[in-house]
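Please have a look at it first, and then I will go through it piece by piece.

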Amino acid sequence: MLITRRTALLGTALAAATPLRFAHAEDTIKIGGIAPITGPAAEAGKFMQYGANMALDAINAKGGVLGKKMEWVVEDDATTNPGAVLGFSRLVARGDCVAYTSSIRSTQVNAVAPDVLKLARPVMFGGTDPSLTHAGNPWLFRTRPNDSFSARVIADFGATTLGKKKWVIVHSTDAFGSNGMKALVESLDKLGIKPVLVQGYTNQQTDFTPVVLAVKEAQPDVIGSYFTFENDLGIFARQLRQLGVTVPWVGSPSIINTTSMKLAGPTLWGTYGVADYNQDSSPEARAYFDEYVKRYKVNPDNQSTWLYDALMILAKAMNDAKSTEPQAIRAAILAIKGYKGTEGTYTFDENGDGLRGYNVVRNEKGQVVFDKHIDFAS
Amino acid sequence: MSVNLASARVWRGTPQAIVACAAVIGLALIAPGEGYYLNILMQAATYAIAVSGLVIVLGYCGQISIAQAAFFGIGAYGVAIGTADFGLGFFPAMLCGVGAAGLLGLILGLGSLRLGGHYLAMVTISFQQIMTLFATNWISFTHGPDGIRNIPRPTLWGLSFQNGHAFLALCFVSLVLVTWMVWRLKTGRLGRAMQAVRDNELAAGTCGINVFATKVIAFGMSAVVGGVGGALFAGGFQYISPDQFTFAESIVLLTMALLGGAQSPFGSLVGTMLLVMLPEWLRFLKQVYLAVYGAAVILIMVFLPDGLWGLMLDRVIRRAKPIVGTVAPLPLLSEHGVESDEIVLKVEGLAKHFGGVKALDGVDLAVRRGSVHALIGPNGSGKSTFINVVTGLYKPTSGRVIFMGQDLTQAAPYVRNRAGLARTYQNIRVFRGMTVLENVMVGAERPGNDIAENPAAVVERALAALDFVGLRGDAHKQVGTLSYGHQRYVEIARGLAASPQTLLLDEPAAGLNMTEKHELGELLRRLKGHGMTILIIDHDMNLVEQVADHITVLNFGRRIADGLPNEVLAHPDVIAAYLGEPRNEAA
Amino acid sequence: MATFLQLLFTGLGIGAIYALVALGFVLLIRAANVVNFAQGQFAMLGAYFLVIGINVLELPYPVAIVMSVVLMAAFGVIFAGATYWPLRHRGGLPVIISTIGASIFLENTVLVLYGPSPEVLPNLFDSPGIQVGPVFMDSQYLAILVSAVLLVGLQYLIFEKTLLGKKLQATSQDKEMASLLGIPVAGMILFTFAYSSMLGGIAGMLVAPVLFVSVGMGGLIALKAFAANIIGGYGSIPGAILGGLSLGVAETMGASYISVPYKDAFAFAMLLMFLMVRPQGLFGEKISEKA
């Protein structure tokens with residue numbers, strides 16, 4: 001059928017007139033969430049959905065929130081900042097969400113932060129940029145330990161436990177990597193150590209030879225890293241081994257991600273990661289792991305656990321407060337002490353940070369083996 | 001009775017613009033003041049501003065720019081860094097950002113000096129990528145990938161734009177003003193120059209347009225407009241980061257321009273709205289929507305060739321009405337031609353070698369004032385090369401070109417035109433995207449022409465030229481709809497409108513039928529009667545014999561004969577050149 | 001010195017990938033005057049076909065490659081029909097936009113069908129690589145270099161030494177004349193799209209073990225490949241190769257000796273330099289308009 005011009009024009013006009021369609025408001029408690037359904041982090045979006053499903057099943061099985069079922073309404077953020085802002089504002093425009101979840105990517109949380117402040121409703125997030133909870137925004141709550149802690153754990157484990165003093169830091173030049181690097185340099189400094197090389201790289205590289213050669217030349221006895229994307233990690237790891245660098249390596253959580261381990265294979269064996277989530281760190285974590293594997297046939301990682309914990313905490317807070325009013329939820333979250341989630345035991349401080357420590361795990365021939373948990377009081 | 005300018009469609013639309021401003025302010029007040037719809041509208045408005053910048057450089061001037069997001073970003077960063085780090089107010093910071101964008105745009109335009117098409121596109125892409133890398137990695141200045149947040153909204157004369165409605169109104173009013181300016185540009189002198197460059201760069205040069213300067217200005221203006229959009233974007237979303245101004249965004253902006261119709265700022269508005277809304281409408285498709293979006297782009301390109309605006313315009317196009325009213329005739333018509341011995345155009349020892357090929361091998365020629373001088377020769381003898389060197393399209397290998405006493409050997413084509421040399425082309429070079437009248441106006445408004453600075457007089461002069469060639473009635477038609485012969489007349493009119501001292505005609509009779517050739521001969525005789533000096537290249541011996549006072553013959557790049565027509569045409573060398581040596585007949 | 005040699009090898013390896021993709025570009029530019037923004041997605045598709053062949057269908061590596069190549073050829077024809085054919089008379093820009101739309105469509109369709117998890121592919125050869133003195137030569141990079149040379153040779157043979165090649169050249173230089181001479185222009189163009197698609201797919205298959213297979217793998221490579229085209233000489237086949245190789249080496253060296261984060265900037269700075277100083281690239285010919 002030939003599309004005549006008239007038809008095309010008519011079609012466009014009709015489409016322009018179509019209002020946004022909202023789902024009929026069933027009687028559920030809705031939590032709005034943005035997630036990367038498309039874009040480079042699309043896989044994380046998939047895992048987030050899994051985590052959300054598990055949380056909702058757990059919550060609704062126990063009677064839901066205030067007697068109603070809880071629902072997670074998701075909008076695509078396309079892994080971009082503008083996408084996050086638009087997705088989030090679309091959720092807000094629905095008008096029926098009592099609380100929200102945002103992103104594990106700090107740059108996106110930053111992007112929606114002004115809207116969150118105006119919205120004045122609780123928003124849970126998983127990004128680790130420490131400044132997110134120190135920017136004067138009372139509505140942001142973090143269900144992962146932030147990077148000031150990951151850096152301290154990396155430094156502590158590498159320098160104290162492994163006893164290594166010649167450090168090389170490899171980091172992504174994006175927000176996450178740069179902040180992580182800064183935190184790590186600071187933590188090492190407190191231990192009296194200055195890194196022999198700090199090497200940044202831009203995300204989505206095709207080749208890491210220059211980085212590897214620089215590392216090799218610096219002759220470190222330990223590598224600390226903040227990698228954002230698993231692809232980069234995989235390529236770097238392979239080339240690192242090809243060029244003969246075998247020193248211990250303690251990396252940010254991406255090193256222990258399911259995807260990284262799959263991509264890099266044997267080249268990541270023997271490396272250490274700081275992982276906010278590890279299945280052997282607690283009985284709750286173990287239970288989550290077993291259920292997740294049973295349902296989805298793949299190991300869970302922190303891409304889903306932060307969201308699981310976030311939804312569980314929101315449900316708990318609303319049930320504790322017996323209300324869905326924003327201030328009430330907020331007060332209830334801040335009142336949470338010693339709640340055992342999958343990522344750890346939550347005690348919220350007045351900034352909205354619930355966790356203050358990390359697990360150190362080891363990649364033992366493709367299996368993640370729990371080593372120890374390091375916590376800080378503040 | 002003088003011509004009504006409005007009928008010549010040179011109106012300015014000022015009252016309409018004011019009304020539009022008022023209307024959009026009203027719109028902004030009733031639109032949502034926050035949330036999803038506000039964000040969409042702000043994004044659409046600021047992007048539309050940036051896209052109208054593309055209308056200037058791409059639509060009008062025909063230069064591909066895939067760096068518009070970079071300029072958008074520079075404007076945004078100007079506001080963000082200026083307010084956050086330097087404590088400037090919003091508008092001063094915006095001025096810095098827009099200024100920086102403009103400056104870089106001009107520099108990027110310099111890249112167009114020797115390149116066009118795909119090459120220029122790559123230059124712009126490189127520029128875009130380098131900008132993104134700096135934004136991400138120059139952390140001390142740009143805050144790096146963290147981006148900059150808490151960007152304030154402006155306060156002006158006590159009026160605060162903090163409120164969503166107010167800022168949206170600001171965006172809308174800016175959009176109206178930018179659209180109006182871009183639209184006005186099209187019907188102004190600079191706009192016509194840009195379109196001439198787009199449609200036919202070589203001809204634009206020989207019509208007195210400084211092609212390079214025009215391109216650079218187009219880039220500069222486009223960058224400034226992009227910067228304005230970006231500055232407002234920063235104020236609107238109050239948070240910016242480098243990944244909002246990447247190559248992918250430049251592609252989005254380019255696609256918006258092309259889908260809407262790059263020739264018109266209204267088209268770009270439509271395209272922007274569509275491409276901002278389309279992903280949002282398709283959200284319900286969840287994962288599939290970007291795939292559908294990609295397919296939609298292809299479909300729109302295939303089925304809507306002139307963009308959406310072109311589609312709508314098709315329905316609305318007015319019939320071209322003839323312009324009534326008398327105008328002052330061409331100034332040259334008040335002169336009476338007298339042949340004199342004064343040499344107007346003198347060419348000495350002109351040589352042009354292309355590698356080993358000697359297209360011109362030392363040619364001397366002298367054209368006297370008021371005469372019709374014909375240059376003939378067999379195919380490949382160098383006639384067209386000759387005229388191209390004389391008009392500046394090629395640089396000669398050696399020799400001199402002296403026109404009206406000025407040595408123009410190394411001068412650019414537009415300089416020669418401004419000195420009084422006008423030409424037409426063998427393969428007609430009219431500006432296809434413009435009307436007949438606009439084509440001739442380009443000639444009339446060449447810098448240095450007596451009436452060039454007066455828009456009304458330019459129109460009148462153009463009409464006068466059209467009167468002379470008998471095409472007044474076709475003034476509003478798109479030049480491409482005319483017959484071949486008439487398009488040639490438009491070229492001649494364009495040349496005449498520039499008040500030339502000498503007219504160079506490259507095979508004007510090519511492609512004309514018998515009647516048209518006869519008319520052409522008449523036209524040339526009339527011109528000569530008014531004292532115009534003409535250098536004509538042609539193959540048609542009838543025409544040449546009719547009009548020429550003096551003939552020069554070229555063969556293999558050399559002059560083999562020069563003098564009065566009857567002498568030259570009987571010259572044995574000339575006959576041999578055309579017909580070959582006589583064969584020895586068998587007895 | 002050891003560093004330099006290692007960088008040189010890796011630079012050549014990466015450069016060979018750019019060169020292969022650039023080769024596919026050049027063909028379409030010469031035959032149909034099309035700047036194909038979806039060339040990177042061709043690489044991505046080829047890699048995914050290979051993944052299906054090896055990981056899902058568990059075919060032997062060479063068989064999977066052949067299957068992939070055949071599928072890419074078929075895809076090339078479909079692609080031509082959808083994005084190029086309806087717009088062939090409308091000039092360069094509409095086709096460019098159409099290929100942009102195609103690139104978005106392809107990336108996201110694969111995302112929907114296959115999912116976002118990146119895939120791993122084994123090297124073509126079992127050995128991970130060989131150590132030659134101070135330089136480690138990844139076997140896959142070697143495979144890429146060798147394949148690039150072979151494919152260039154093959155292309156040269158076809159274009160310069162066979163009748164088919166002459167017909168293709170004729171079509172690219174003057175379609176009308178070619179058709180008047182009885183050359184099936186449409187067929188020639190479709191063949192070129194199919195061949196270019198195969199080339200793109202092969203580039204993807206070769207690079208997949210090194211860069212992993214993900215829907216986004218094509219993007220930046222294609223951009224650099226296009227830059228390589230320009231550096232080497234727009235429309236020149238040896239230029240595409242040399243442009244790709246030199247680009248790979250330049251950015252690797254630049255990254256190591258100057259600055260890693262600005263690595264991509266070197267590629268583009270190099271391009272800019274060429275465009276300013278020698279726009280016809282290394283091998284291109286100046287084409288001026290006949291006035």
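This is a predicted model: local features need pLDDT of at least 70, side-chain atom pairs count only at pLDDT 80 or more; totals for chains, interfaces and linings use all residues.

Let us take the domains of chain A to start with. Chain A is divided into domain 1, made of residues 28-145 and 282-347, and domain 2, made of residues 148-275 and 360-375. Taken over C-alpha atoms, the centres of these two domains of chain A are separated by 28 Å. Where the domains of chain A meet, 11 residues of domain 1 are in contact with 11 residues of domain 2, and on the domain 1 side the touching residues divide into 3 nonpolar, 5 polar and 3 charged.

Next, I would like to look at one strand in chain A, namely strand S8, residues 222-226. How many of the residues of S8(A) are buried? The strand is mostly covered, with 5 of its 5 residues buried, and this holds on both faces, since Val222(A), Gly224(A) and Tyr226(A) are buried on one side and Ile223(A) and Ser225(A) on the other. As a general point, the side chains of a regular strand alternate between the two faces of the sheet.

What does S8(A) pair with? Strand S6 of chain A, residues 167-172, runs parallel to S8(A) and is joined to it by 5 bridges, with Val168(A) standing opposite Ile223(A). Strand S9 of chain A, residues 249-251, also pairs with S8(A) in the parallel sense, over 3 bridges, and here Ile223(A) stands opposite Trp249(A).

Strand S10 of chain A, residues 272-275, runs antiparallel to S13(A) and is joined to it by 4 bridges, and the bridge partner of Ala275(A) in S13(A) is Asn359(A). S13(A) is also joined by 8 bridges to strand S14 of chain A, residues 367-375, and these two run antiparallel, with Tyr358(A) opposite Ile374(A). The hairpin of S13(A) and S14(A) has 2 residues between the strands, and in this hairpin Lys365(A) takes a positive phi near 50 degrees.

There is one more residue in chain A that I would like you to find, and that is Glu230(A), which lies in helix H8 of chain A, residues 230-242. Why does Glu230(A) count as buried? It does so because it has 25 C-beta neighbours inside 10 Å, where 20 or more are needed. Leaving aside neighbours within four places in sequence, Glu230(A) is in contact with Ser254(A), Asn257(A), Thr259(A), Ser260(A), Leu263(A) and, from chain C, Pro118(C). Glu230(A) and Lys262(A) are 32 residues apart in sequence, and their C-alpha atoms are 9.5 Å apart in space.

Let me now turn to chain B, where an open sheet of 6 strands has the order S10-S11-S12-S7-S13-S14, with mixed pairing. The edge strands of this sheet are S10, residues 421-424, and S14, residues 558-563, each of which pairs on one side only, and the twist averages 15 degrees from one strand to the next. S10(B) runs parallel to strand S11 of chain B, residues 502-506, to which 4 bridges join it, and Arg423(B) stands opposite Leu504(B) in S11(B). Helix H15 of chain B, residues 383-390, packs on the sheet, touching S7, S10, S11, S12 and S13 of chain B, and its direction makes about 145 degrees with that of S11(B). Helix H19 of chain B, residues 484-497, lies across S10 and S11 of chain B and runs at about 175 degrees to S10(B).

As for the contact between chains, 30 residues of chain B are in contact with 35 residues of chain C. Helices H5, H11 and H13 of chain B are the elements that give two or more residues to the chain B side, and that side divides into 20 nonpolar, 9 polar and 1 charged.

Finally, the largest nonpolar core has 418 residues, and those with the most contacts inside it are Leu311(A), Ala465(B), Ala493(B) and Leu20(C). The largest share of this core, 19 residues, comes from helix H1 of chain C, residues 2-32. Among the contacts of Leu20(C), leaving aside neighbours within four places in sequence, are Ala148(C), Leu151(C) and Leu199(C).

Definitions and conventions
Residues are numbered from 1 along each chain as its sequence is written. Chains are lettered from A and ligands numbered from 1 in the order in which they are written. Domain bounds come from an automatic or database domain assignment. Two residues are in contact if their C-beta atoms, placed from the backbone, lie within 7 Å. Ala, Val, Leu, Ile, Met, Phe, Trp, Tyr, Cys and Pro count as nonpolar, Asp, Glu, Lys and Arg as charged, and the others, Gly among them, as polar. A nonpolar core is a set of buried Ala, Val, Leu, Ile, Met, Phe, Trp, Tyr and Cys residues joined through C-beta atoms within 7 Å. A residue is buried if 20 or more other C-beta atoms lie within 10 Å of its own, exposed if 12 or fewer, and partly exposed in between; C-beta atoms are placed from the backbone. Two strands pair if DSSP finds at least two bridges between them. Axes are lines fitted to C-alpha atoms, for helices over the stretch in contact, and angles run from 0 to 180 degrees between N-to-C directions.
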